[in-house]
Amino acid sequence: MNNVYDTIIIGAGMSGLAAGIRLAMFDKKVLILEKHTIAGGLNSFYARKGRKLDVGLHAMTNFAKKGERGKPLTKLLKQLRIPYGELALNEQQGSKIIFPDTELSFSNDLNVFTDDVLEKFPEEKDGFMALLEDIRNFNEVSLDNPYESAKERVARMIGDENLREMIFCPLLIYGSAWEDDMDFSQFVIMFKSIFLEGFSRPEGGVRRVISLLMKKYKALGGEVRFRSGVNEIISENSVIKGVKLENGEVITASKVLSSIGYPETVSNLNEKIELDPKVGKLSFTETILCYNKKPKDFGVEDTIVFYNENQKYHYRRPSTLFDEKSAVVCLPNNFEIDDYEDGMIRLTFMANFDLWNDLSPEEYDLEKEKVLTASKDIVRKLYPQMDEEPNFVDIFTPTTIKKFTSHHGGTVYGSTDKSRDGRTPIKGLYIIGTDQGFLGIVGAMLSGISMANLHCLMEGSN
Amino acid sequence: METTEVRQKVLDIIADIAMDDDVTTIDDSVALRDQLDLDSMDFLDIVMELKKRHKIIVPEADYPKLASMDSCVEYLTPKFVQ
């Protein structure tokens with residue numbers, strides 16, 4: 001009976017680990033299967049030339065102070081029974097949205113953003129206040145909200161297109177699977193997580209979060225197998241039976257929680273179903289630049305900059321390999337406590353997976369060089385005083401993302417078809433993580449928790 | 001079982017769930033929700049811990065009886081005796 005479990009979780013990312021902790025906590029026999037050799041999924045880490053580097057995590061959204069009630073972060077810590085202090089969070093110094101004619105600042109204090117919006121868009125005062133009110137009163141985590149275009153709803157309150165685009169820019173690029181728009185529920189989740197709650201960084205970066213989750217899960221008796229990619233999700237008459245691993249081994253379970261994405265889950269089913277969730281179109285490149293000096297040595301104090309030089313902000317798959325006209329620039333040194341030895345800048349461009357995927361190895365290297373040049377150009381435009389050459393660079397492309405996440409099309413925010421209640425046409429098979437629709441690291445963990453509670457722990461779920 | 005023992009057992013559960021709250025100052029007559037950061041997901045945890053630690057099943061209809069420490073003790077004491 002070794003290969004029989006109550007629940008199998010596919011993927012040891014944030015959502016899978018959080019779900020695993022909940023199930024192990026209440027004595028379920030649970031197994032996490034991870035294709036790679038380390039945990040983390042989209043938010044992982046690596047070391048290169050003695051440097052510890054993070055993948056995915058620029059910052060944690062959803063900052064909350066210790067004991068702050070009813071916030072997603074404190075909720076999830078309670079559900080996982082991890083004391084607040086163990087995350088060792090450091091708050092951001094301050095971030096910016098920079099467009100051709102206007103710049104808006106924000107921090108973890110909403111007043112900073114509100115004051116700047118009202119100063120630069122005085123005619124939008126009533127509209128902006130109405131938007132804040134609408135957001136506060138909206139139940140974004142309800143699992144049965146129908147899709148509603150956020151752009152349309154916000155346009156009914158805010159008339160100035162430039163202000164709308166500036167508000168949408170960080171929210172789209174930090175989480176939208178949809179091009180140029182998002183579901184209003186997702187908009188509210190993102191707005192709260194970024195503008196109302198804000199950015200912080202755990203000391204030690206993403207490693208700290210993953211190691212906390214792994215330790216907790218193992219202490220509760222949860223099992224995890226690395227290098228164990230799932231080859232097939234097995235069902236009979238649309239009822240889940242278990243999974244088959246890449247090595248042919250079959251493992252049985254009455255519930256399977258899949259964090260690998262909705263289209264990826266469906267394409268692994270042994271029984272064909274009608275459903276065909278769309279593959280999202282958004283992918284990215286990321287440039288990591290390390291310097292001998294720290295940004296603060298040059299008087300640079302920004303934590304994250306959402307930069308756009310296009311007259312209108314385009315959040316969509318570019319028709320070129322990458323869109324060098326807009327970027328997210330993250331300066332991970334610029335949190336309360338800086339635990340890096342180097343100065344570091346991380347720069348994200350929107351990119352086109354298909355074009356990257358079609359390149360020959362030689363062309364690929366050349367295009368990566370172009371990403372590096374474009375990255376340095378943006379750093380130079382933003383911070384002309386940082387006249388130092390980087391001492392280390394590394395670049396990810398959409399094909400790197402595909403390789404490490406197995407997401408179709410190298411997507412980061414998954415499919416545009418979410419399963420909000422986690423259900424699939426297969427009984428006992430549930431979607432958790434990005435394609436269940438809660439976003440960011442905190443969202444991913446909450447997704448795992450809420451789906452485990454709803455489908456595996458609550459009365460009547462068995 | 002004495003009511004003080006029952007109170008302690010409930011308190012142990014709450015202390016494990018509301019890790020960052022001070023549970024030593026709970027007013028037994030006031031709703032737990034009003035004193036601690038507990039939402040419906042956390043009440044579900046109290047129910048599941050009662051089952052896990054003490055084999056006590058609380059049907060959904062009885063969840064309101066777990067509202068305050070006083071009502072918890074009153075409701076759970078006979079169940080601990082069984």
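**View 1. A negative patch on chain A.** A:Glu362, A:Glu363, A:Asp365 and A:Glu369 together form a negative surface patch. For a patch, residues need over 30% relative accessible area and no salt bridge, and like charges are joined within 9 Å; a salt bridge would be a side-chain nitrogen of Lys or Arg within 4 Å of a carboxyl oxygen of Asp or Glu. Areas come from the Shrake-Rupley method with a 1.4 Å probe. A:Glu362 sits in helix α11 (residues 361–382) of chain A, where helices are DSSP runs of H or I with at least four residues, and strands are E runs of at least two. With a relative accessible area of 56%, A:Glu362 is exposed (exposed is over 50%, buried is under 20%, partly exposed is in between).

This is a predicted model, so local features need pLDDT of at least 70 and side-chain atom pairs count only at 80 or more, while totals for chains, interfaces and linings use all residues. Residues are numbered from 1 along each chain, chains are lettered from A and ligands numbered from 1 as written, and side-chain values use heavy atoms, without hydrogens or water.

**View 2. A:Ser200, tucked into a strand.** A:Ser200 belongs to strand β8 (residues 200–202) of chain A. A:Ser200 is buried, at 0% relative accessible area.

**View 3. Chain B, helices and no strands.** Chain B has four helices and zero strands. Its radius of gyration is 12 Å, close to the 12 Å from the globule rule for 82 residues, so chain B is as compact as a globular protein of that length (C-alpha atoms; the rule is 2.2 Å times the number of residues to the power 0.38). Buried residues account for 45% of the 82 in chain B.

Definitions and conventions: Patches are made of residues with over 30% relative accessible area and no salt bridge: like charges are joined within 9 Å, nonpolar side chains (Val, Leu, Ile, Met, Phe, Trp, Tyr) within 5 Å. Lys and Arg count as positive and Asp and Glu as negative; His and the chain ends are not counted. The place of a charge is taken as NZ of Lys, CZ of Arg, CG of Asp or CD of Glu. Buried means under 20% relative accessible area, exposed over 50%, partly exposed in between (1.4 Å probe, protein chains only).
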